[in-house]
Amino acid sequence: MVESSGSILANLISEARRRHVFRAAGLYAGAAFVILQVADILMPTFGLDDVTISYLLGAMALGFPLTLVATWLVDLTPEGIKITPGLEP
């Protein structure tokens with residue numbers, strides 16, 4: 001049986017919610033914003049060029065999809081890091 005694309009998208013979004021991917025994306029974006037703001041304030045103190053903020057932004061942009069993939073694959077539990085189980089068909 002072929003599922004409609006709307007159903008596939010709804011299932012994907014539902015699974016992302018279950019795995020807390022949206023929460024991780026929001027936390028990552030918030031932390032990245034704070035880090036960039038602090039770096040912007042402290043760069044002149046340490047004598048760093050303006051290009052440093054570009055490198056920092058690039059590193060955070062590369063880390064964002066990696067964080068989402070890691071969030072999809074593993075759960076942080078009180079017992080430690082565990083592979084997120086898939087849904088039973």
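Mentor: Gladly! Let's begin with helices: the expected span of a helix is 1.5 Å times one less than its number of residues. Helices (H or I, at least four residues) and strands (E, at least two) are DSSP runs, numbered from the N terminus. One caution is that this is a predicted model, where local features need pLDDT of at least 70, side-chain atom pairs count only at pLDDT 80 or more, and totals for chains, interfaces and linings use all residues. Residues are numbered from 1 along each chain as its sequence is written, and side-chain values use heavy atoms, with hydrogens and water left out.

Trainee: What span should helix H2 have, and what are its end C-alpha atoms apart?

Mentor: Helix H2 covers residues 21–46, and its 26 residues should span 38 Å at 1.5 Å a residue; the end C-alpha atoms are 35 Å apart, which agrees. Helix H3 (residues 51–73) has 23 residues and reaches 34 Å from first C-alpha to last, close to the expected 33 Å.

Trainee: Where do the kinks lie in H2 and H3?

Mentor: A bend at a residue is the angle between axes fitted to the seven residues ending there and the seven starting there. In H2, a kink of about 35° lies at Asp40, shortly before the proline Pro44. In H3, there is a kink of about 25° at Gly63, shortly before the proline Pro65.

Trainee: Which residues of H2 are buried?

Mentor: Buried means under 20% relative accessible area, exposed over 50%, and partly exposed in between (1.4 Å probe, protein chains only). An α-helix has 3.6 residues a turn, so residues three or four places apart point the same way. The buried residues of H2 are Val21, Ala24, Ala25, Tyr28, Ala32, Leu36, Ala39 and Met43. For H3 they are Met60, Gly63 and Thr71, and these pack against H2 and strand S1 (74–77).

Trainee: Why does Thr71 count as buried, and what does Thr71 touch?

Mentor: Thr71 is buried because its relative accessible area is 16%. Contact means heavy atoms within 4.5 Å. Not counting residues up to four places away in sequence, Thr71 touches Arg19, His20, Val21, Ala24 and Thr84. The Thr71 side chain also reaches the backbone oxygen of Thr67 at 2.7 Å.

Trainee: How many bridges join S1 to strand S2?

Mentor: Two strands pair if DSSP finds at least two bridges between them. Here 4 bridges join S1 to S2 (residues 80–83), and the strands run antiparallel. They form a hairpin with 2 residues between them, and Thr77 has Gly80 in S2 as its bridge partner.

Trainee: Where in the chain is confidence lowest, and where highest?

Mentor: pLDDT is the predictor's confidence in each residue, from 0 to 100. Where pLDDT is low, the predicted coordinates should not be read in detail. The chain has a mean pLDDT of 87, with 91% of its residues at 70 or more. Confidence is lowest in S2, at a mean of 78, and highest in H2, at 95.

Notes:
A polar contact is a pair of N or O atoms within 3.5 Å; within protein, one must be able to donate a hydrogen and the other to accept it, and residues adjacent in sequence count only if both atoms are side-chain atoms.
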